[in-house]
Amino acid sequence: MAGMTILGNSYDFDFGNSPTIPGFTKVTPQTLYSPEAGFGWDQPLGVWNPSWGEWGPDALREDYLFSARNRTFRLDLPDASYRLALIMTHPRGDRGPVTVRAAGKTLISNRELAAADYEPRIFTVEVTGGKLEIEFLSRNRLWLINGLSVDKVKKSEKRCSDEIIMGAWETVSDKPGKEKRLPGKDGVVNLLALGEDRENYTVQARLEIEKGFRQATLLFRYRNANTYYALAIQKAETGLNPLPPPGGSSYIRLLKNENGQSTVLFHLPFEPVPGRTYKLRAECVDSLIKCHIDDKLIFETIDHSLKTGRIALRNSGGHCVFRDVEQKSVTVPSVYFQADLTARLAELRGTALRLDTFLKTANPELGNNIKSDVQILHRKLKEISPAGATNFSSWKTLFEKLQSGLENVLPAAAYLESLNAMGIRLDKDYAAGIENSLTKVFRRAESFHGEITDRVRLELCRNEYESFQLVLMPLRNLNAVSIEAGDLISRKGSRINKKFIKWSPVCYIPNPPEKEFRREGGWPDALPEVRHFNAEFGKLQPVWITLYVPEGVQAGEYQGELTVKIANAAPLRLHIDVTVWDFTLPRSSFLKTAFGLWDNFLSKYHNLPENTPAFAALRRKYTDNMLAHRISFRNTGINYRLKADGVPTADFSDFDQKLKADLEKGRNCFFYGLNFGAAGKVGTPEVLKMNVYDEAAGKMVSYPFGPAFSEKFNRTVTAVFRNWVKHLKAGGWFKPAYNYTCDEPGRESYEFIRKVTDLIHSVDKEIKTVVPMTDFSDDPANVPEGIDVWVYHAHCNDINDSIRREIDKRRGQGKEMWWYVSWEHFLTTQELLAHRAYFWKMWKYNITGLLYWTINSWTADPWKNLHRWAPPYKARQRLDFGNAFLVYPGETGPVNTIRWELLRDGIEDYDYFALLKEKLAVLKQADNKNNAALIESAEKVLRLAESLVKNTNTFTGDARKIYDIRRKIAEKIIAVQQQNKN
């Protein structure tokens with residue numbers, strides 16, 4: 001192979017505080033060209049670059065530089081032909097359109113940069129005059145650059161723009177029996193292209209995974225770095241999309257990349273063992289692709305996109321070794337296709353034989369349900385003859401005929417085989433198992449990884465909720481399924497009333513259009529309240545069951561039963577063992593929350609006009625539901641009146657009663673006062689106005705504040721805040737009150753924010769101003785001091801030391817540090833652990849509040865489509881399935897989701913840590929040396945969140961750790977609490 005030699009002309013673009021890959025030269029926004037250096041920008045970029053940590057596949061691609069202004073990167077080079085390799089990707093969202101020019105030619109023309117397209121774009125240019133200028137052009141949109149390598153093309157070298165190594169690698173022999181070791185140290189992605197362009201061939205290799213790997217890939221029909229098929233073993237990026245199939249933290253997948261556009265053709269759970277060797281094989285014949293591991297067929301598809309290409313090997317992170325890499329041409333006589341159909345018929349005969357065996361022992365109704373499907377299968381086995389397959393076209397016709405009519409029987413066979421493998425008797429009407437609340441259960445039987453049992457154990461404290469899933473596995477269609485709970489009774493005779501046990505069948509939402517997000521039967525999400533439901537043969541049906549332990553319940557061990565009643569089958573008795581720990585969570589969470597609830601969507605989907613008693617009652621159902629999930633809604637819903645003095649005055653006529661009721665239910669935050677706009681409109685005339693009721697005119701009018709900081713503006717702002725502060729302090733409600741000053745301002749708004757926060761604080765220095773910041777695209781030290789609550793994206797904690805120092809400095813000044821999320825969090829396509837672990841991250845980074853834009857930004861029909869955008873989606877929009885859809889609109893009120901339940905569980909976890917810290921502070925004040933051991937052990941437990949959370953993007957995939965650590969926290973709370981009493 002003629003690879004690139006990376007010498008001194010490789011550049012890593014970042015802000016300056018991230019690691020630089022060995023062999024690369026760092027370029028920052030202030031790296032200006034000089035003859036002495038021989039490289040640099042023509043002008044400063046004036047922005048910094050965030051390091052996204054685990055989002056990129058390596059240190060080079062996890063960060064970048066960007067600008068919305070045209071800039072030129074200059075290099076001094078001897079006149080010659082050079083190959084340029086450009087890495088231009090944003091790991092969290094698309095950018096562009098961008099144009100890149102160099103050496104008088106356009107390399108990229110007005111093209112958007114796709115998210116997570118980590119492959120280098122490779123071009124050949126001629127340098128004359130001793131200087132290469134690379135122009136980055138974009139029309140007021142962000143262009144970006146991660147890495148650049150410039151390699152001189154040798155005269156003897158064939159042009160092979162598809163062969164590139166970003167970083168150092170070891171050249172190896174192409175002969176079978178030799179190792180191809182692709183080291184992943186220093187975060188380098190290695191790519192080794194082999195062989196020649198061919199159409200029909202088999203490629204295989206023995207792959208040894210070494211400790212710490214992230215991704216090892218066998219590529220075929222490889223044309224260049226943007227076009228290929230890839231059979232990859234990959235470690236799942238916990239918490240990211242797409243969610244890997246249930247069953248593990250790693251998977252094997254087939255990916256098609258065509259001109260930089262990626263499509264995942266299949267996912268399969270796969271847990272590689274470090275040190276073990278696996279045999280990978282991909283077979284491509286015409287449009288038929290088969291993928292094998294250890295000679296077992298794991299996937300096949302018909303894809304017409306890529307017909308020819310080479311083979312390649314790739315490793316990203318960690319180490320792996322490819323051995324015995326072989327590419328073998330496949331001639332395609334009719335015998336090939338005939339043999340393929342013969343093998344498929346043999347496999348179906350095996351399926352038919354197993355089905356016949358199953359049905360002999362199964363209950364009669366099961367046989368009746370699938371009898372016609374089995375007959376179709378037997379008829380196919382007699383009708384189809386492989387002799388008719390003489391080429392791909394005839395093979396495809398026979399293959400499709402073979403597949404038709406088997407849509408039901410093949411899934412039924414797989415379902416029965418999975419149940420049989422679990423040891424479940426097929427002569428029953430159904431089986432049941434228990435799964436925890438941190439694992440999604442899909443429709444296929446193999447997605448169940450819980451325990452086949454009729455007993456479940458829960459542990460929780462008072463004023464806490466805890467859930468589990470009862471998974472029904474029907475062996476016939478089950479009708480009118482319902483659950484009846486009994487009281488839970490302790491050995492001392494104490495009771496937990498059965499009314500505190502709630503249940504709901506898990507409802508599956510239709511798949512989004514992207515292939516990589518599709519799951520058979522859809523996505524488990526909604527939890528509707530129903531009296532009974534039906535469960536269909538061949539599909540798992542989980543039931544979400546939640547226990548609440550009210551305040552005042554005695555601690556101890558409780559037992560009880562749930563009875564699953566079915567109209568056409570025998571009942572099931574489920575035994576519940578509950579440990580109630582001897583402490584109580586406070587009604588109000590230690591974590592401030594401010595989630596939006598949009599009245600216009602409530603009005604639209606429930607067909608109720610706003611400002612009516614019926615709408616107020618409906619809204620109360622939603623807000624009570626939020627408070628029951630330990631989440632505060634941020635808006636006060638206050639109206640303003642314009643009185644004779646010409647100044648708007650808040651109407652508190654029913655405010656006090658509502659707020660008092662909400663605070664008693666746990667509300668710990670609300671927004672009041674005035675908001676001064678969002679993004680580029682902060683402080684502009686179009687937003688400096690409000691709707692008020694003009695008492696003189698007897699109608700609603702728009703009241704403009706006047707130009708910013710004019711006499712009218714200042715008088716209005718101070719009067720509104722003075723009125724609010726006086727009323728809130730008189731009622732004792734000032735502490736949970738915050739002013740949402742503005743939203744996501746740019747640097748151009750900082751001066752306005754300085755002045756307006758000064759004006760607000762002139763009324764009362766204790767007013768807390770809240771400002772969400774989209775990013776820190778300016779030096780964070782320049783962010784106005786008048787902001788009392790910094791609200792920023794979680795990833796900012798992983799950016800660099802200067803940002804963290806600034807955050808710590810502001811926290812030391814008494815500022816509150818909150819997070820907010822608007823994208824890529826709390827999505828239906830994420831694993832459930834991601835939702836709960838988010839709050840463990842917040843504890844680790846000492847974040848005291850969470851802002852979320854809205855829980856009900858519903859589409860035309862949220863029960864059918866959770867995508868807020870219409871296709872085709874941009875990269876960022878593809879990660880949007882369930883964004884701002886945390887509840888569904890039911891007939892009479894909100895319908896919970898399993899994501900919504902997990903948010904409550906995560907906040908309860910946060911409160912466990914905070915409660916232990918609070919009680920530990922009391923113990924420390926006692927200054928008793930006898931408490932030293934207990935204090936030390938309790939502080940150790942408080943640090944356990946760090947064992948679950950590596951950074952803001954990576955956390956454990958082991959649900960057991962959540963429960964184990966939670967139990968340890970509870971034990972320390974009880975021990976410290978008891979010592980405080982002593």
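**Notebook: helix packing and a parallel sheet**

I looked up the contact between two helices: Leu348, Thr351, Arg354, Leu355 and Phe358 in α1 meet Val409, Leu410, Ala413, Leu416, Glu417 and Asn420 in α4 (contact means heavy atoms within 4.5 Å). By class, I noted seven nonpolar, two polar and two charged residues in this contact (Ala, Val, Leu, Ile, Met, Phe, Trp, Tyr, Cys and Pro count as nonpolar, Asp, Glu, Lys and Arg as charged, the others, Gly among them, as polar).

The model is predicted; local features need pLDDT of at least 70 and side-chain atom pairs pLDDT 80 or more, while totals for chains, interfaces and linings use all residues. Residues are numbered from 1 along each chain as its sequence is written, and side-chain values use heavy atoms, without hydrogens and water.

I took helices (H or I, at least four residues) and strands (E, at least two) as DSSP runs numbered from the N terminus. Helix α1 (residues 334-361) packs against helix α4 (residues 409-421) at about 60°, with the axes 10 Å apart. Axes are lines fitted to C-alpha atoms, for helices over the stretch in contact, and angles run from 0 to 180 degrees between N-to-C directions.

I then turned to the sheet. Seven strands form an open sheet with parallel pairing, in the order β36-β46-β45-β44-β43-β42-β39 (two strands pair if DSSP finds at least two bridges between them). β36 (592-595) and β39 (670-671) are at the edges with a single partner strand each, so one side of each lacks a neighbour in the sheet.

Strands β44 (residues 789-792) and β45 (residues 816-821) pair in the parallel sense over four bridges. I found valine 789 opposite glutamate 816 in β45.
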